[in-house]
Structures are given as C-alpha cells and as structure tokens.
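Dear colleague,

Please find the structure below.

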Amino acid sequence: MAGKKNHNTNPLQGIQTLTDPLIRLKGVGPQKSACFAHKGIHTLADLFFFTPVRYEDRTRITPIREIKNGERSLIRGQVIYGNEERFFRSRKRIYRIIVRDATGSLELIWFRYIKGHLERFTRQGTECLVYGTGTHNRGHIQMIHPDITVSGQDKLDDRLDFYPVYSSIQGISDHFLRSLIRISCDGYLHRIIDPVPEELLGGLDLPTLQQAIHNVHFPPKTSSISALNRFDTKWHKRLVFDRFFSVMLALTVTRQSREDTVSPPYALPRCELKDMEAFFPFPLTSHQHQAVEEIKKDFLAGRPMKRLLMGDVGSGKTVVAALAAYMAILNKKQVALMTPTQILAKQHLEYLSGLPETMGLRPVLLSGAQKKKTRDDIYGEIRDGAYNLIIGTHALIQEKLAFADLGLVVIDEQHRFGVRQRALMQEKGDTPHVLVMTATPIPRTLAIAIYGDMDISMIKEYPKGHVPVETHIIGVKQKKWAFDVLREKLSAGQQAFIICPVIEGSEEMDLKSAQEMASRFKKVLSPPFRIGLVHGRQLSEEREMVMNAFHKGRIHVLVGTTIIEVGVHVPNATVMIIEHAERFGLAQLHQLRGRVGRGSEKGICLLIESDNAPSAGRSRLETLVKCHDGFEIAQKDLEFRGHGEIMGMRQAGLGELDLTEVMREQDLFLRAKREAQRLIILDPKLIKPENALLKNMVKMMLERSLDL
Ligand code: ADP
Ligand code: MG
C-alpha cells in the first residue's frame, strides 16, 4: 500500500538538482513515478510547485459537544467502539466507530472504506484525531467519511495545522504525497538559489522562494484560513509572481531576437481587398478587412510576422486565415495549418477545399489515422510542393515531415499549444510567418501584456446575420423545463451538449459526476436518442471517437466535463445545458455556448444554477443573458473576481500561465512584465552567474509546452 515504504534512510540521496527526475527519491519507484508523471510532476521542482488546491483549518480541537451542524471540525477522542456492521436490513455493509471525549460521544460512519485501514482504530481506548463535517442526527452527532488518524501524545502540537489538500493523483495516496513533500522540503529546499535577484524582491515586498514554497505547503499557525483559501498570501503571490516573471522573461527574449530577424518581403500586387472578397459568398466584416490588411502589411515588412488573431467563436477567423494563406501561396509558399484536434483539422479541410479554385489552394490533410503508406506518399508530395496547404494536428511537427518551402504557419485555437510546439513548427521553414488564432477573449491591455512577443488583430464583431444564443438561467427546480426543451429539440432532429463542471481535486469524482449525469439523462430520454460521454479520464483518441460520432449525428447528446473540444463546428447542435453554471467563469461559459446555434437553427443555452449558489453568482450569470460580446464578458469576469468561483484546473509545474490567474492578479502581472524587461534589457548584470535557476527558468519556458 502507498505510504508503507520506508522513509528512514535519506530519501534525497541521489538527488542532485531540482530538475532531477522524481524517481531518484527513495520510495518513488517506476510505478509511482509514472503516476506522478501522469499528473505532470516529473522533477523535484515540479513537486515543490504542486501546491495545495485548498486548506483545512485543523489548528484547533473542538470539544465534541460544540461540533456545529454542517461545519468541519477537528476532534480528539478515545475509541469506545468500532466494527463493521450491516446497514439496516440490506446486504450493504458499513463501518462504524464511536469516539468519546470529556464532553460527549461522536459516531463515525463509512460506506466506502478499506477495512484494514479502519481496523487500526478500533481497539478500545485508542486515542485518535478525527476531522470531518458534523451532522446532528436525532440527538446524536455523526460524521460521514471523516479523516481519522491516531493521535500520538508526543507530537500533537505539530499536528494541529492548516492542512493542505492536494489535487488527487491516481495511484498515490494523500498520505504518501504529503510526507514526500514534507521530506523534500526539509531535505532540499534550503539548496534552492532564489531565481529572482534580491534587489528586485526587496522592491516588490515579496518573500524568498524558499519561504514561499515552504509556507504554501505548510502554512504557519498565524495564517488566516480564508486568505489561504483565496491564495491571497504573500507566499502564494510570490509563486504566482515567478510564474508570470518566467513567462515574461522568455517573451522579452524572443521578442528581442525576432526584431533582429529578416525575411524577404512578399510580392502582393493582386491583393486588393475587393478582389479577395470575391472568393466568398458574403462581404467581409470591417474587422475581418482590417485583420487582412494588417497581415498584408506584415508580409510586406521584411521581417517574420508573428500575429495573434483574436475573435469570439463564430466571428469568422477562418476566412482571415484563408486569405493569409492565399497571399502566401501567391508567393509560391506553402502554408501549414495546425489544429488541436483531428475533427477540427477535418473541418478546416472541408471548408478550405470548398473555396474557389481560382484561389489556388491545394489542401491536404495529414492525420494519425491514415495508413503509414498513405502518409508516406503525402509526405513525398508535400516535399515536392504538390500540396500548398497542409492541415493537421501536432502530427505536423513530426520529424519526418519536410516542406518544399514553408512560408506561413497558422495555428488555430492556439491556447492548446505550447511555445515548444510552435517553435518546432516554425523550424520547418526558414523563419516563416506565424499567425495564431484564439477564441479566448481577454481585454486588450492584458492581451498586449501577455502576448508581449506578438502583434494583435482583433475581430470584435460577428458577421451579419449571426443570431446570439438565447440564454436562460434556471434553478434546479425548473430543470424539468430544461428536459422539455431538450426533448423538443431532439425530436426536431437537433443535437445537444450537456456540461457539468470538473470537480476540483478528484479525477474520480470528475468521472463519476459525468457518468451520473449521463445515466440521469438516459432515464429521461427514451430511445432512439443516444448519449455519448467525454471526460478527463479518457484517452484523447477515445474522446475524439465520441466527438466524431456526435459530429456525424450518430450520438444525439454529448455529456461531459473536460469537454467539448475547442472550435468544433457541429451546425446541428442547438442546445447547451450547463449544470452548476455558477462554478464556471463567464468567459468560459460564453465560449461554451458559442458551440451551439452555428447552423441555420438558433441556439439555446440553459444555465442551471444550484440552489446553494452564492447570490453574487446570479447577477454574474445575468451578464450572459444580456451580453453577447466576448470581450465585454471577459472584462465583467474580472470585475466579479474574488467570489471564489472555481475556474479551470490549477496545473502542476513551474511556468504555466493560467489566464484566470493573470486576470486575478493583474497588478502583479504587469509588475512582472516590467521587471522582466528591466532585467533583460537594462540590467542583465543582475543575473548572477550562480543563478542557474533563473537561466533555467527562461530556458524551460522557451522549451516547455506552456499555455501562451
Ligand atoms: P471562428 O472565428 O469561430 O473560427 P469561423 O471562421 O468558423 O469562426 O466562421 C463562422 C461562420 O461564419 C462560418 O460559417 C463562416 O462561413 C461564416 N462567416 C465568416 N465570415 C463571414 C462574413 N463576413 N459574413 C457572413 N458569414 C461569415
Ligand atoms: Mg475557428
């Protein structure tokens, strides 16, 4: 069992540097190391930066009599009874332990348990610590599934603390994880050289990295539980600062080097807007015009373009990309279009193949699903220049693929790709132009700060005739209405998405909630309607298969958590039902609803709000009913921040930029940007030679897949 391994010998022996693999730690063998790797934790540094998702206040012992209904508390008591029992007359078994202190007795119940584990606490008189939510039940007090440990007399004080709760890692017990982090901090933390120069830290009023890491994992007793749970401590801020800082350093470096690069300007005599517009059955919107003009200027400028095209779902970015491709192809260049999923790649192929032949696009799809022989043939034809528009997923960065003359790289839904993938793609050409597209709207100032190494074009209006998705907020009690809408639309031959939030801290719960949701809907939907399930535990191939079936109409309702692959265009999908809508960010909800109503029928989005949702949640959600502008919604999201809503998973690892975090900590972010520029451009001597971590940080940011 996890945690049984012996930690007595120095577990850190053999660990030389922070970037050494975790497997060097005693107690972490190949199996556990694979479990960690699955969660993105590869090195000791990753482990340090795998910070708690929340904290529990276990600093005080509550007398049993004072346990409040519905509140979590820590109890210390003696066992007076413990055994496995039958649950009433059913065949189900439960485990029951009763503990007592000077003020009363408390019943502990488990419906799911490992018997061997609980048996350790059943000997009468065993002193134990119990943490859980108290419920008053007909005169006596209970806790269901509490956390129980033996309370050794000696070190009790040490054990009263702010208890960190980590996102669960499959195959690693909480206990093991906690002790591994404890041991690593004790044994190794002092060896970290702070990457941020002292001179800089002083001015920012931030603690050292060592202090920050230590206290984020083991908060001092003087902390405030609410500040901890808002991640609003100077230790959390220091870690956030470092994430921002390393990204900004890397951006400053890349921007500098790009400014020194030249690429021959394109010849674009035949690229009048009105001629290009004639390729499409509709006039371009003025923002599309402007974006195309900006791209054209870049092509003429004599240095490689690096442009971000930002626009809501459905704002018509593909048209702009097609015209960028056209201009490159006029110059006898090849264009690569990289998408995060197969389906999206196929959709682009369909769309681009349908454009007039006079544009000269010769598109081809590269896919992992193709037979090796076919793929090799296509590779050959790409090398010979027979195709000039190559569409695919990250299959495009495979080493074997060589281009005749790659002039432009277009990356769709770029937040799914990292800097590394982008860099590898660019290496396929001789400083090709790069156009990246995103549907994640963020306010302009922030965009400029984040995408510091790119120029930005924005499409802030929808094409004419775009009908906004009708949005309603409904309570759980009105859910029947949601079912009625769903059934009605399905009967009319349309399709639906149903989304429940990812459950923080537990992949298993995540899966369970999606499965439960699917089976609930199965009950209310009679055949012939078919339900498909996508969730975080699936392999991406499996998920693509389900998505594909949905796309083809073989599945009518798609239920999931992690969900709804970006950018997917299923014109027949009209209904989007979102459970626990209050747990999502507004921008996220806005993107989700953009998935419906993309065909001829209008889309409808039902935001189901839980009964116990905070009242602030409602006015926040109302924004979506009234407003359909992604940028405005993103701004509102900012104004509402601090309500503690769960937005997206926090990921492990040094150096990933989480947009919601940027939005929450704008000031800190802008300061990180300023300091990074100052450091690289003005004061490089502040980077001391022994400060390898700082250099590594920059290197890592450049190499590593990060959300940029
Ligand atoms: P996204 O920005 O989400 O990638 P798309 O490029 O897929 O959006 O465009 C969404 C839809 O709008 C497509 O069906 C496209 O043909 C259509 N469209 C794009 N531009 C215009 C326009 N100027 N007028 C009318 N329809 C347009
Ligand atoms: Mg798109």
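The structure contains 2 cavities of 30 Å³ or more; a cavity is a set of points, on a 1 Å grid over the protein atoms alone, where a 1.4 Å probe fits but cannot get out. The model is predicted, so local features need pLDDT of at least 70 and side-chain atom pairs pLDDT 80 or more, while totals for chains, interfaces and linings use all residues. Residues are numbered from 1 along each chain as written, and side-chain values use heavy atoms, without hydrogens and water.

The largest cavity holds about 70 Å³ of space, the volume being that filled by probe spheres set on the points, which are joined across faces, edges and corners. Its lining (residues with an atom within 4 Å of a point) includes Thr318, His348 and Met437. Helix α12 supplies the largest share, 4 residues.

The salt bridges (a side-chain nitrogen of Lys or Arg within 4 Å of a carboxyl oxygen of Asp or Glu) number 24. One of them joins Arg58 to Asp147, with the closest N and O atoms 3.1 Å apart. Arg58 lies in strand β1 and Asp147 in strand β7, so the pair ties together parts 89 residues apart in sequence; strands are DSSP runs of E of at least two residues, and helices runs of H or I of at least four, numbered from the N terminus. Arg58 is buried at 8% relative accessibility, whereas Asp147 is partly exposed at 30% (buried is under 20% relative accessible area, exposed over 50%, partly exposed in between, with a 1.4 Å probe and protein chains only).

Yours sincerely

How values were computed
Chains lettered and ligands numbered in written order. 1 Å grid on protein atoms, 1.4 Å probe; cavity = no way out; pocket = protein on both sides within 12 Å on 5 of 7 lines; lining within 4 Å.
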